[in-house]
Amino acid sequence: MLEDGLAPERLDRVLARLQGDLSRSRLQALIRDGQVSVDGAPALDPNRKVAGGARIELSVPPPVPAEPAGEVMALSIVYEDDDLIVIDKPPGLVVHPAAGHDSGTLVNALIGHCGESLSGIGGVKRPGIVHRLDKDTSGLLVVAKNDLAHQALAAQFADHGRTGPLERAYLAIVWGVPERRRGTVEAALARSTHNREKIVVVGEERGRYAITHYELLESLSPAQPLASLVRCELETGRTHQIRVHMAHLGHPLLGDATYGSGFKTKANRLSEQSREALTALRRQALHATILGFEHPRSGEFLQFESPMPADMAALLEALRSEI
């Protein structure tokens, strides 16, 4: 029962304040499904005003099984508790089922691994994906196990660390050496009208605002400026953002067949050892190395670091030996 004397307030807002584990959108769905009553009568309108003294009852049905089905797959788990799980994703693993990838994804693996610990995000036992990595990008990724964690983490990723605690950093090996040791690429992005698999830089009126900060960590192949190691931090989180922005700067990622195809001739200038390491990479040289965020329940700041995987490390060492 609501405390007497409270001013009238929307039903969904009252429930969100009283029941902190469910998102507001989930509560609105429960109201529309007839799972909420006020003073013994069904309340089907989330906008309905309720005042102090009202007796509100909420029924939360058990979550339905997830689709797609869970699969037993090896996962590199960096951290896990009742609210979230942090994964070090290998290259080649698709995050979410989609056309052409309806099984064998990270979501399938998480459903198989987490099982009953998934409490039902939006009423379904599924992991809450709040950010993604491209199939061929390796590194750290956090996934929510319940509505509370999903809502809090999604808000942090929407803010991208502008005002909140979120921290994300990537390591990339790029062609050439940026003129400035530190810089920012600010260029709007949109899906290409000619190739729907590709993202392109467009005018601000056509695309989504995107900002990438980069820092030159090391100039490789010292005798000739063939490549360099850079650290990138995102201020926005658009599809292929780092790959497109670095290519826009004139320094596409090594191994990036989509945005660095024009640099194939540069590979011929590499030593045999470096060419072999680049061929063995079979992906863009991009790794999500640092992930930091505020825990959705405790408020503690958690930070994780993933070392460069073997395929990128081998390429890096080969490039360092160029003469």
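What volume does the second largest pocket have? In this predicted model, the second largest pocket has a volume of about 210 Å³. Its lining is made up of 15 residues, and those closest to its centre are Gly255, Asp256, Gly260, Lys264 and Leu278. Two helices, H6 (264-267) and H7 (272-281), are the elements that give two or more residues to this lining. Sorted by class, the lining of the second largest pocket holds seven nonpolar, four polar and four charged residues.

The largest pocket, for its part, has a volume of about 1100 Å³. It is lined by 39 residues, of which Leu133, Asp134, Lys135, Thr239 and His240 are the closest to its centre. Helix H4 (147-159), strand S10 and helix H5 (241-248) each supply at least two residues of the lining of the largest pocket, and H5 gives the most, with three residues. By class, 14 residues of this lining are nonpolar, twelve are polar and 13 are charged.

Rolling a probe the size of a water molecule over the atoms shows where empty space is left. The structure holds one cavity of 30 Å³ or more, and the volume of the largest cavity is about 40 Å³. The residues that line the largest cavity are His131, Leu133, Leu140, Arg168, Tyr170, Ala288, Ile290 and Leu291. Strand S10 (167-175) and strand S16 (286-294) each supply at least two residues of the cavity lining, and the largest share, three residues, comes from S16. In terms of class, six of the lining residues of the largest cavity are nonpolar, one is polar and one is charged.

A further feature is a sheet. Strands of a sheet pair through backbone hydrogen bonds, either parallel or antiparallel. Here an open sheet of three strands runs in the order S3-S2-S5, with antiparallel pairing, and its edge strands are S3 (41-42) and S5 (56-58), each of which pairs on one side only. Strand S2 (residues 36-38) pairs with S3 in the antiparallel sense over two bridges, and Val38 has Ala41 in S3 as its bridge partner. Helix H1 (residues 11-18) packs on this sheet, where it touches S2 and S5, and the direction of H1 makes about 70° with that of S5.

Key: Residues numbered from 1 in each chain as written. Predicted model: local features only at pLDDT ≥ 70, side-chain atom pairs only at ≥ 80, totals over all residues. Heavy atoms only, no water. 1 Å grid on protein atoms, 1.4 Å probe; cavity = no way out; pocket = protein on both sides within 12 Å on 5 of 7 lines; lining within 4 Å. Points joined across faces, edges and corners; volume = space filled by probe spheres on them. Helix = DSSP H or I, 4+ residues; strand = E, 2+ residues; numbered from the N terminus. Nonpolar A, V, L, I, M, F, W, Y, C, P; charged D, E, K, R; others polar. Pairing = 2+ DSSP bridges. Contact = heavy atoms within 4.5 Å. Axes fitted to C-alpha atoms, helices over the stretch in contact; angles between N-to-C directions.
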